[in-house]
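These notebook entries record what I looked up in one structure. I begin with a backbone detail and then turn to the chain as a whole.

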Amino acid sequence: MILHFTKMEGAGNDYVYVNGFTEHIPEENKPGIVRRLSDRHFGIGGDGVIFINKGKKADLEMEMYNADGTRGEMCGNGIRCVGKYAYDRGMVRDKDFTVESFGKVKYLTVTEVNADGSARMLRVDMGAPILEAGEIPVASEKSPVVDEPIEVGGKTFRMTCVSMGNPHCVVFVDDVDALDLPAIGPLFEHHPRFPKRTNTEFVQVLAKDRVKMRVWERGTGETLACGTGCCATGTACVLNGKTEPKITVEVKGGEIGIEWDREKNIILMTGPATEVFSGEIRIGD
C-alpha cells in the first residue's frame with residue numbers, strides 16, 4: 001500500500017500529516033504505522049502523525065498520535081499546521097474556521113499569508129485552561145495545583161498543573177539550558193502523581209512579557225516546541241505572578257505568542273505553520 005503524506009512543522013514541532021479524506025487506514029493498524037512513519041532513521045521522521053479527517057462537529061477533525069503510537073488529545077502546533085494544510089488546499093472557505101480534536105472544537109484564524117497566498121501565521125482560540133486537579137489529571141489534595149512541591153529524582157521541584165485538553169506540569173527554573181532533560185523528563189512523565197502521564201514544561205522567566213521554555217512531551221520526548229505547553233506555560237506564569245497575561249514563549253524551534261484573555265477566560269495562541277515537503281511511502285502490500 002502506498003501512503004501519500006505531507007511533512008509540516010510549527011516552530012520546529014514536526015509531524016507527518018495524512019489526508020484522511022483520501023487515505024484510508026484501518027484504525028487497528030494506525031499505532032504501528034505511526035511508529036514507523038515517526039522513526040527518524042527508518043521512516044519519514046517526526047514527533048508523531050496527524051490524520052486530517054472530515055469533522056463531525058467542526059469543519060475538520062485532527063486525529064493526533066504521538067511518536068510511540070499512543071493517541072494524543074491535542075497538539076497546539078499541530079492544529080495550526082492542520083489549519084494551514086486545509087486553507088492552502090481550499091478545504092475551508094475563508095480565514096476563520098473550526099477544527100475538532102478528541103471531540104473538542106477549536107477556532108482558528110489565518111492571521112498572515114505568504115506572497116503566494118498560502119497561510120503563514122495562524123491564531124487558535126484554545127479555550128479555557130483546565131485547573132481542576134481531577135480533570136488534568138494530577139493526584140493532589142488541593143485544587144488548583146499551583147506552586148506545589150513534587151519529589152522527582154531525589155530533588156524537590158515546584159509544579160503548577162494545567163490541562164489544555166492534555167495534561168501539563170509547569171516547573172520554573174533558573175536556567176533551562178542547564179537541565180539534563182533526557183534524564184529528568186521521563187521521571188516527570190511517568191511519575192505516579194500523573195495517572196495519564198504528563199507533558200512537562202521547564203520555564204525560565206526572562207521578563208514580564210517573555211519566557212524561555214523547554215518541554216518533555218508525553219510519548220515523544222523533548223521536542224523543539226509544544227503549542228499546548230506554551231499555553232500551559234502562559235497560564236502558570238500568570239497564576240504564579242511571574243508575567244503579564246500576554247507573553248512570548250521562546251522555544252528551541254522559534255517563538256509562540258500566548259495571551260490569556262482573563263475576561264473571556266480563553267487562551268489565544270499565535271504562531272507559524274510551515275509545509276516542508278510531500279511524498280509517498282510504501283507501508284505494506
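Which residue just after α4 takes a positive phi? I found that Gly241 does so, with a phi of about 70°.

**Basis.** I worked from a predicted model, in which local features need pLDDT of at least 70 and side-chain atom pairs count only at pLDDT 80 or more, while totals for chains, interfaces and linings use all residues. Residues are numbered from 1 along each chain as its sequence is written, and side-chain values use heavy atoms, with hydrogens and water left out.

**Helix α4.** I looked up the extent of α4 and found 13 residues, 227-239. From first C-alpha to last, α4 reaches 19 Å, close to the 18 Å expected at 1.5 Å a residue (the expected span is 1.5 Å times one less than the number of residues). Helices (H or I, at least four residues) and strands (E, at least two) are DSSP runs, numbered from the N terminus. I then checked cover: 12 of the 13 residues of α4 are buried, where buried means under 20% relative accessible area, exposed over 50%, and partly exposed in between (1.4 Å probe, protein chains only). The buried residues include Cys230, Cys231 and Cys237.

I noted Phe102, with phi near 55°, in the loop between β6 (96-101) and β7 (104-113). Its relative accessible area is 46%, so Phe102 is partly exposed. Asn265 also has a positive phi, of about 55°, and is found in the loop between β16 (254-261) and β17 (266-272). Asn265 counts as partly exposed because its relative accessibility is 33%.

**Cis peptide bonds.** I recorded one between Ile136 and Pro137, with omega about -10°, and one between Ser143 and Pro144, with omega about 5°. Pro137 is in the loop between β8 (119-125) and β9 (148-152), and Pro144 lies in the loop between β8 and β9.

**The chain.** I counted 4 helices and 18 strands. The C-alpha atoms fill a box of roughly 50 × 40 × 35 Å along the principal axes. Buried residues make up 54% of the 285. Among contacts (heavy atoms within 4.5 Å) between residues at least 6 apart in sequence, 61% join residues at least 24 apart.
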